[in-house]
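This report describes a structure step by step, moving from the strands of a sheet to the helices and then to the ligand. Please keep the sequence and the 3D view open while reading.

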Amino acid sequence: KTVAVIGLGYIGLPTAAILATNGINVIGVDVNQNTVDAVNRGEVPFVEPDLGVHVAGAVSQGNLRATTETPAAQAYIVAVPTPFREDHSADLSYIEAAARGIAPQLVGDELVILESTSPPRATRHLAEYILALRPDLSLDGAGGAPVIHFAHCPERVLPGRVMIELVTNDRIVGGITSAAAELAKDLYAVFCQGEILVTDDVTAEMAKLVENSYRDVNIAFANELSVISDKLDIDVWELIRLANHHPRVNILQPGPGVGGHCIAVDPWFIVAAAPTESKLIRTAREVNDSKPEWVVEQVRKAAESFGSEAKIATLGLAFKANIDDLRESPAIGITAALADELPTAKVLVAEPHVEALPKALANRRNVELANTEDAIAQADVVVVLVDHDEFKSVDSGLLAGKAIVDTRGIWRELTSKGVEAAITL
Ligand code: SAJ
């Protein structure tokens, strides 16, 4: 049995590797030749703990290889991006491109699984798209046409813990038909030790979107509290710590905004599907999206007393701690806005997980990548944007005489009131 995994990114490659190390013959497909070459060398083109050993092992066992052409297979797992457009609707063009690769290979009885996070009914769209290209095939065997099984199995792994969560998380599989759901369940049972929960495709699509919206709404609550706390001149982290002692209260942590490809995106798919009804979900998105602007304003105020040539260190570009993933990271927007709004200031960026500035920053004359200690040592204002371990352990002596804007609360102990308002140490 061969499984083709289409899209060798943050989700597709771990899924391909874990299937392969569990004895399945896996062919990974990607449009990017560099990715294909890296995988065939047993290498991983991005940082994810433990993924490297799985890929190297699977490739050397001969169970995993990569190619740019979609092969014939008994099951296809589509794990391509589903970005959103300016109007917040989902761009399904990558799914359609994957479908065009799969369609000519089908003979009947194959299982096609959509794993990409998708708006409601995207799995049906994929099925209809493939069946329009292949009218000789069917969903249900009508008229004796060979059947293709379609299912949605959203991934719910946390970047940084992917190889653990792929195995241990419960998994939702939603079939357009119950036969498709059962086939998908059997495939995931190869490596998934969690419960495999069977439902229909649209409920599975919504379950994934709802999980991330739940988190977005709760982070928005924390972010709103941080802005309120600043106005009331209290420490938001202390406030949350105390409130969380209540047995039924569990407030999340405020930050510079919400990043990553999922939580900042998925709620919009719900809003687009039910715009009038999605009031809270939309507001949460707006609260989280406006947080970076608020942080920029805090930094601007902090920099004022150091004059127009102030030096600002921004610590972190990743969208969260201890990873190299910069997708939709609020830290990038904040750093860019600081560079633009304070054109005579110098912005020193410390991001231990990257070797070069991303494109969005590289063309700015007053932005420079520096190591953590140098950035802090030179800076008048130090802005914590990501709670990387490296930043948590900086020598507090380095911070003397500097204004601090700590959006993650990692230096609470160092400051009397370790909040987002600028504090001069
Ligand atoms: N964040 C906060 N405060 C918090 C928690 C997170 O500001 O208390 C921020 C983070 O800094 C980051 C963003 O939210 O910018 C998202 O981080 P995250 O760790 O909450 O989530 P992701 O995007 O890494 O992964 C999420 C997970 N979903 C849920 O926890 C419901 C993961 O399980 C999903 O698989 C993933 O989205 C996905 O691919 O959808």
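## A pair of strands

Which residue in β5 is the bridge partner of tyrosine 76? In this predicted model, the partner of tyrosine 76 is valine 112. The two strands concerned, β4 with residues 75–78 and β5 with residues 111–114, run parallel and are joined by 4 bridges. In general, the strands of a sheet pair through backbone hydrogen bonds, and the pairing may be either parallel or antiparallel.

## The whole sheet

The strands β4 and β5 belong to an open sheet of 8 strands, whose order is β3-β2-β1-β4-β5-β6-β7-β8 and whose pairing is mixed. At the edges stand β3 (64–67) and β8 (196–200), and because each has a single partner strand, one side of each is left without a neighbour in the sheet. On average, neighbouring strands of this sheet are turned by 25° against each other when direction is ignored.

## Helices on the sheet

Helix α2, made of residues 33–40, packs on the sheet, where it touches β2 (25–29) and β3, and its direction makes about 160° with that of β3. Helix α8, covering residues 201–232, lies across β6 (149–152), β7 (171–175) and β8, and runs at about 145° to β7.

## Around the ligand

The ligand is surrounded by 20 residues, of which the closest are Leu252, Gln253, Gly255, Gly260 and Cys262. The residues of this shell divide into 9 nonpolar, 6 polar and 5 charged.

Terms used
Residues numbered from 1 in each chain as written. Predicted model: local features only at pLDDT ≥ 70, side-chain atom pairs only at ≥ 80, totals over all residues. Near = placed C-beta within 6 Å. Nonpolar A, V, L, I, M, F, W, Y, C, P; charged D, E, K, R; others polar. Pairing = 2+ DSSP bridges. Axes fitted to C-alpha atoms, helices over the stretch in contact; angles between N-to-C directions. Contact = placed C-beta atoms within 7 Å.
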